[in-house]
Amino acid sequence: MKAALLARDGTALHRARRATARDGGPEGTLAGVLKFAEQLHATGLDLYAREPAAAGIVVPGILDEAAGEVRYAANLGWREVPLRRLLSERLAGLPVAVGHDVRAGGLAEGRLGAGAGAADGRFLFLALGTGIAGAIGIDGRIEAGAHSGAGEIGHIIVRPGGERCGCGQRGCLETVCSAAAVGRAWAAECGDPRATAADAARAAAAGDPAAGRVWQRAVDGLADGLLVGITLLDPDMVIVGGGLAEAGDTLFVPLREAVAARIAFQHHPTIVPAALGDAAGCLGAGLLAWESRHHDNSAEG
């Protein structure tokens with residue numbers, strides 16, 4: 001769990017992190033989140049002797065952002081959690097914004113990080129981690145979609161009939177080039193069940209031909225998925241973050257080449273690494289909090 005106190009201009013005034021509470025199941029995890037938020041609130045009062053304007057919290061899963069509810073978060077074991085109400089009650093009635101972690105990360109990258117120079121605020125943000133998720137930037141905001149499901153680029157099918165994905169489909173982008181998929185492929189190739197995507201990247205960079213083949217298959221799959229996103233969305237910039245992006249040029253040099261080779265009539269976007277690291281979601285939560293406060297004030301006239 002990562003948290004911050006954020007100034008109006010997006011500057012992080014204070015940062016903190018805690019291990020996610022796992023004792024006590026989903027209820028224990030929720031209690032840990034609420035306690036962490038309460039501690040951050042107290043820290044803000046100690047440091048600045050004033051109440052924060054609002055709070056923002058972002059989580060993975062399927063959300064009803066308007067209602068401030070988490071409908072389903074598999075990694076947390078949450079179902080139908082009224083997160084806005086619970087957090088506001090814990091923080092003495094403070095206004096609370098609830099959002100999706102990857103979309104919030106994309107918002108932060110677009111405003112404070114790598115996407116700050118994207119024309120008309122139009123970018124596609126990808127987080128390459130255990131899974132793959134995305135965020136669509138338009139005019140400085142993130143498009144959530146009609147049902148809060150926009151940006152799920154990890155479930156574009158790039159290898160029809162391929163490996164079964166956790167979503168039930170076969171051949172999703174996530175099964176080809178997520179960190180988990182690359183780690184599995186390299187473990188099978190090198191015979192070490194403990195091998196990871198980071199190991200594959202290091203071996204590929206060192207010139208290991210087998211690792212190079214595993215890595216290139218992942219890059220090709222990612223380029224195929226990006227081409228779909230580029231064709232549909234016409235972004236000015238593609239921002240790639242998450243653990244796999246930490247491979248640096250080992251990822252970005254062949255990825256740019258692979259995308260360029262696939263471009264036909266589409267505009268060729270700039271492809272850049274994310275700039276905010278694992279703090280992006282946390283900073284995005286703060287931006288959502290400020291936005292919610294602005295909307296409340298506007299509604300009040």
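Residues are numbered from 1 along each chain as its sequence is written, and side-chain values use heavy atoms, with hydrogens and water left out. Because the model is predicted, local features need pLDDT of at least 70 and side-chain atom pairs count only at pLDDT 80 or more, while totals for chains, interfaces and linings use all residues.

**Strands**

Helices (H or I, at least four residues) and strands (E, at least two) are DSSP runs, numbered from the N terminus. Two strands pair if DSSP finds at least two bridges between them. Strands β1 (residues 2-6) and β2 (residues 12-17) run antiparallel and are joined by five bridges; Leu5 stands opposite His14 in β2. The hairpin of β1 and β2 has five residues between the strands, and Gly10 there takes a positive phi near 95 degrees.

An open sheet is formed by three strands in the order β4-β5-β6, with antiparallel pairing. Its edges are β4 (62-64) and β6 (78-81), each with a single partner strand, so one side of each has no neighbour in the sheet. Neighbouring strands of this sheet are turned by 15 degrees against each other on average, direction ignored; the axes are lines fitted to C-alpha atoms, and angles run from 0 to 180 degrees between N-to-C directions. Strand β5 (residues 69-73) pairs with β6 over three bridges, and the partner of Val70 in β6 is Val81.

Most residues other than glycine have a negative phi. Ala49 has a positive phi of about 55 degrees and is found in the loop between α1 (25-48) and β3 (55-59). Ser148, with a positive phi of about 60 degrees, is in the loop between β10 (141-143) and α4 (174-177). Buried means under 20% relative accessible area, exposed over 50%, and partly exposed in between (1.4 Å probe, protein chains only). Ala49 is exposed at 71%, whereas Ser148 is partly exposed at 23%.

**Helix α8**

Helix α8 (residues 249-262) has 14 residues and should span 20 Å at 1.5 Å a residue; its end C-alpha atoms are 19 Å apart, which agrees. The expected span is 1.5 Å times one less than the number of residues. Buried residues of α8 include Leu251, Phe252 and Leu255. The buried residues of α8 pack against β8 (123-128), α7 (209-233), β11 (237-241) and β12 (270-273), contact meaning heavy atoms within 4.5 Å.

**Salt bridges**

A salt bridge is a side-chain nitrogen of Lys or Arg within 4 Å of a carboxyl oxygen of Asp or Glu. The count by this rule is 13 salt bridges. Three of these pairs are tabulated.

| Pair | N to O distance | Relative accessible area |
|---|---|---|
| Arg90 and Glu38 | 3.5 Å | Arg90 33%, Glu38 35% |
| Arg103 and Glu65 | 2.5 Å | Arg103 7%, Glu65 22% |
| Asp192 and Arg194 | 3.4 Å | Asp192 28%, Arg194 69% |

Salt bridges that share partners also join Arg159, Asp220, Asp224 and Arg262 into one network.

Arg90 and Glu38 form a salt bridge. Arg90 lies in helix α2 (residues 83-90) and Glu38 in helix α1, so the pair ties together parts that are 52 residues apart in sequence. Arg103 forms a salt bridge with Glu65. Arg103 is in helix α3 (residues 101-112) and Glu65 in the loop between β4 and β5, 38 residues apart.
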